[in-house]
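Biologist: I am new to reading structures, and I would like to understand the words as well as the values. Please walk me through this one step by step.

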Amino acid sequence: MKGLLKRWSFWCLLVLAALALFGTRLFDALPEAEVAAPFSKPLWLDRSLPPTMDLELSGGHPAAELDWVFGAPSRFSLRVETALPAPSRFVEWTIPGGKTFRLTPLNRGVELDGRDIAFKRSLGLPPFGDASSALFPERGTYRIGLSGEGEWEGSVKIRLEGGRWGLLGTDQRGRDIAALFVAGIRVSLLVGIFATLLATFLGTSLGLAAGYRGGWTDAVIMRAVDLLLSIPLLPILMALAALWGKGLWQLILILSVFSWMGTARTVRALTLTLRDAQYIEDLRGLGAPAGYILRRHLLPETLPVLLATMTLGVPGAILSEAGLSFLGLSDPRVISWGRMLHEAQSFGAFTAGAWWMLLPPGLGIALLCLVFLDLGKYLEERVDPRLRGGNVL
Amino acid sequence: MIDIRNLSVTYGRMTSEGRGSQAAAVKNVSMTIRKGQFSALAGESGSGKSTVLMAIPGLLPPGTAVSGEILLDGKNLLALPENELNRIRWRRIAIVPQGAMNSFTPVLTVGRHVEEVLSVHLGLSRKEALDRITPLFALAGLDGELARRYPHELSGGQKQRAAIALALACSPDYLLCDEPTTALDVITQRGIIVTLKNLVDEKGLGLLLISHDLPLAASVADRLHILKDGELAEEGDPAEITARPRNPHTRALVKALLDLEEGS
Amino acid sequence: MSGYWARRTGSALLVLGLVLVLNFVLFRMMPGDPVASIIDPNFSPEAKARLSEVYGLDRPLPVQFLRYVRSTLTFDFGISFLTGRPVVEELKSRLPNTVMLLGTSLVLSSLIGTWLGMKAALKRGSLLEKCVLWSGALSFSFPSFFVQLVLLMAFAAALPLFPLRGTLSVPPPAGGLPLLLDYLWHMALPVFSLVLLGFGGWALYVRNLMVKILGEDFILLARARGLPERNIILGHAFRTLLPPLLTIFLLSLPGIVSGAVITETVFSLHGVGRFLLEAVTGHDYPAAGASFFLLALLTVSCNLLSDLLYGLTDPRVRMERGGGR
């Protein structure tokens, strides 16, 4: 057990599991929410692009200054929320050099967008293009504030959408990729673990039955193994997913139905060797029912091997789910890494050059697989010498 | 003759703790193997007999500590580089390994093995090599037809004889046999021993037979050496040793065997 | 010997038969209108009625099944809903591309992988060996579509060295050599990606197997016979490696079928894999059923072939399975 603590994969798995469970709390918005412009780059990528930022003005905080060292933001929007409108007061925008624009009076329910023609006309701008390039003509210090004096209940929310957002940028719908990545851990872990669990359960039951009973049971089960192994996995997954539904649980079920064969073979082989052990013979002679022997003796013998096999089987399930999602055959409402890659390919990440959409999910899948492979190897190593030494009396 | 002087061998063993005890498998053994002489090396399992045999053609695993000398025609085999050793192997010194050892490559026919050594060492063509197979097999008491078989198709006794035939392919001066009769039935055992004896008498081979079967070794050898725990406990004329063992261990051994024979 | 072959072939036929049943069930007994799985639902009711008669959809199920088996075995797969052309035609135009893609990459990755694996086994503890040990895990863990997307973005989008999509340029160049070059140019990245993803597993497997073989007695005894290193490595070690290697080669064929689906999707190639995806997502049941059957047929044949060939290359198996039992 101590060896487990020394392995990087163990800690990695803990971190990922923690992120899967609590990670969404790290973000303000839901993963599906649009937080910035589509294909925004990560913050650290291109410092010349403006980041997406939100400003808020209120009665107590009537002005703000911006040291603007970027180009113009891609989008400018403004919203006034108040119960008490003050139509004589305005939101003023001062550019370097002193020129001031009056953006809007402090009326109730004002929603401005830099693309609105009316808004542009009110500023004296041509009806084409985004107002933000006119509002942000150069680098320098900008000031935004409320004209007039006095108390005012309400807030002005300004949103400047730049080309940058967050740790990993945004996708084609402006969703935060970091948030999507964290949300995706869940699906991968869920599908990976449950599908393998189910497959192991199926495989163990059938393997024990085949090995212990022999005869017809054995023949039928082994035939089934041959048949299922002859069916190419991805095509059948595709067919079943497209024809019987793209839901997550359907996927887990289908995956397990086509993954139990390896476990069954291993368990069967183990059962065959253990079945003829002396103490099993003795138990049978004493009249112990098959179920008892299987449950209390044979099953525990197989458990160490099963744990290792299961851990090594998880990556397969993860990759299958990712593959299916990538092909578009998964539930579009469910966020998964494969799905993210599907959307990257189908919705223009290439033309936008948005490589930050590609790397996180892909690397995530690889990392998760490597983690389970390493853990599986560790379990295998621990199981092997014990098996050889023999738990059998 | 093969002159083994002060041979000591320690296997490089690594225990799970890292630095473990390294027991010497062979300690300061000296002996000679002469042509035309049937020498035997006897001892219990684990006494180091096989190690001595494997040391001669330089077949000990890498990382083994070896000291002493093994002289052949004045050259120390332990100090020879690999390419020179390869010229001596099989042409001057050939080995017949333990029956349990898989001496043949499973995917090649037995005859192919013979062809290969004939071609590599003696430069024979395929046809010339094929011609030699039948008489060679006959020397070992086998039908030449068996050369076409794969190793797993031969019985234990046949495989052992085939290994002898293979060893004789390049007409070596010395033949080192490691327990060639273990795991075989008594009749086959006898047959093989007789074959070996004939080879010594008729061809003038220098033969070293390794066995844990002391009576067998004593009955057939011209010269007997006994190893105990890696050290040479006794050596000399087999009859002498049986009648007048010097070493206390040998004495006990001989007495035990005599008791067995007298039938208790 | 013939007993062994007969049994393996019989087994394969049984499996194929079961695949046919599975196919029939899958693609005909759909939730909803069973007729919709054979006759395009967009046809007029009169057309549907007439076609129902032609296809025998009013007959009892067992009869339908027999008709299905007969038409499948004669490669009469019906008309594709999406393209309106016979499915056989569609498959015929796509199959060569898929075979080229899979065949080339399999051969290349197995050759490169075997070579690297052997080198790694011979140079234990070297950097090469460490890389080989890692390459197996890495090539398994990185999803193929991810690697391919990255390659595509790097070498076709960012650096326009290779085409972004397609098997041939549109319009394709005229003449033999320019056409061939255009084809190779389009296939370069897909094949490269598959080889990159594939050689690691091979190298690791070969390395492990080779290490095991080199530790065997018969290798030590080959050395005892004074054979030069080259003879031992090639004539004895590698020769012993061949039977399992060949088996793995053939057994991996069905697996790379999945690779075809994904690769053809990423690179938009005109192949059977992408055809299957389009058929499946487009509910083009005749096309989907046919593609699926073809892939199952490929899988079964490869398994059978590998069983038979293993028996041929490994003399121990030949005798064990053939004689006496």
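**Strands and their partners**

Modeller: Let's start with one pair of residues: B:A42 has B:S211, in β8 of chain B, as its bridge partner. This is a predicted model, in which local features need pLDDT of at least 70 and side-chain atom pairs count only at pLDDT 80 or more, while totals for chains, interfaces and linings use all residues. Residues are numbered from 1 along each chain as its sequence is written, while chains are lettered from A and ligands numbered from 1 in the order in which they are written.

Biologist: What makes β3 and β8 of chain B a parallel pair?

Modeller: Two strands pair if DSSP finds at least two bridges between them. β3 (residues 38-43) and β8 of chain B have five bridges and run in the parallel sense, so they count as a pair. The strands themselves (E, at least two residues), like helices (H or I, at least four), are DSSP runs numbered from the N terminus.

Biologist: Which strand is joined to β8(B) by five bridges and runs parallel to it?

Modeller: That is β7 (residues 174-178) of chain B. Here B:L175 stands opposite B:L207 of β8(B).

Biologist: Why is β8(B) called mostly covered?

Modeller: A residue is buried if 20 or more other C-beta atoms lie within 10 Å of its own, exposed if 12 or fewer, and partly exposed in between, with C-beta atoms placed from the backbone. In β8 (residues 206-211) of chain B, six of six residues are buried. One side holds B:G206, B:L208 and B:I210, and the other holds B:L207, B:L209 and B:S211.

Biologist: Why are β2 and β5 of chain B said to stand at the edges of their sheet?

Modeller: The open sheet has four strands in the order β2-β1-β4-β5 (chain B), with antiparallel pairing. β2 (24-33) and β5 (75-76) each have a single partner strand, so one side of each is left without a neighbour in the sheet. For β5(B), there are two antiparallel bridges to β4 (residues 65-72) of chain B; in one of these bridges B:L72 is partnered by B:K75.

**A bent helix and a buried valine**

Biologist: How do you know that α4(B) has close to its expected span?

Modeller: The expected span is 1.5 Å times one less than the number of residues. α4 (residues 126-139) of chain B has 14 residues and reaches 20 Å from its first C-alpha to its last, close to the 20 Å expected.

Biologist: Where does α4(B) bend?

Modeller: The bend, about 30°, is at B:I133, and the proline B:P135 follows within four residues. A bend is the angle between axes fitted to the seven residues ending at a residue and the seven starting there. B:I133 is also one of the buried residues of α4(B), with B:A129, B:L136 and B:F137. These buried residues pack against α3 and α5 (156-168) of chain B. Just after the helix, B:G141 takes a positive phi of about 80°.

Biologist: Why is B:V220 called buried?

Modeller: B:V220 has 20 other C-beta atoms within 10 Å, so it counts as buried. B:V220 belongs to α7 (residues 214-220) of chain B. Leaving aside residues up to four places away in sequence, B:V220 touches B:F38, B:I193 and B:K197. B:F38 is 182 residues away along the chain, yet the two C-alpha atoms are separated by 7.7 Å.

**Where the chains meet**

Biologist: What makes two residues a contact?

Modeller: Their C-beta atoms, placed from the backbone, must lie within 7 Å. Of the two pairs of chains in contact, A and C share the most contacts. Chains A and B do not touch, and their nearest C-alpha atoms are 13 Å apart.

Biologist: How many residues meet between chains C and A?

Modeller: 35 residues of chain C are in contact with 32 of chain A. The chain C side has 28 nonpolar, seven polar and no charged residues. Here Ala, Val, Leu, Ile, Met, Phe, Trp, Tyr, Cys and Pro count as nonpolar, Asp, Glu, Lys and Arg as charged, and the others, Gly among them, as polar.

Biologist: How many residues of chain B touch chain C, and how many of chain C do they meet?

Modeller: 24 residues of chain B are in contact with 20 of chain C. The largest share on the chain B side, four residues, comes from α3(B). That side divides into 13 nonpolar, six polar and five charged residues.
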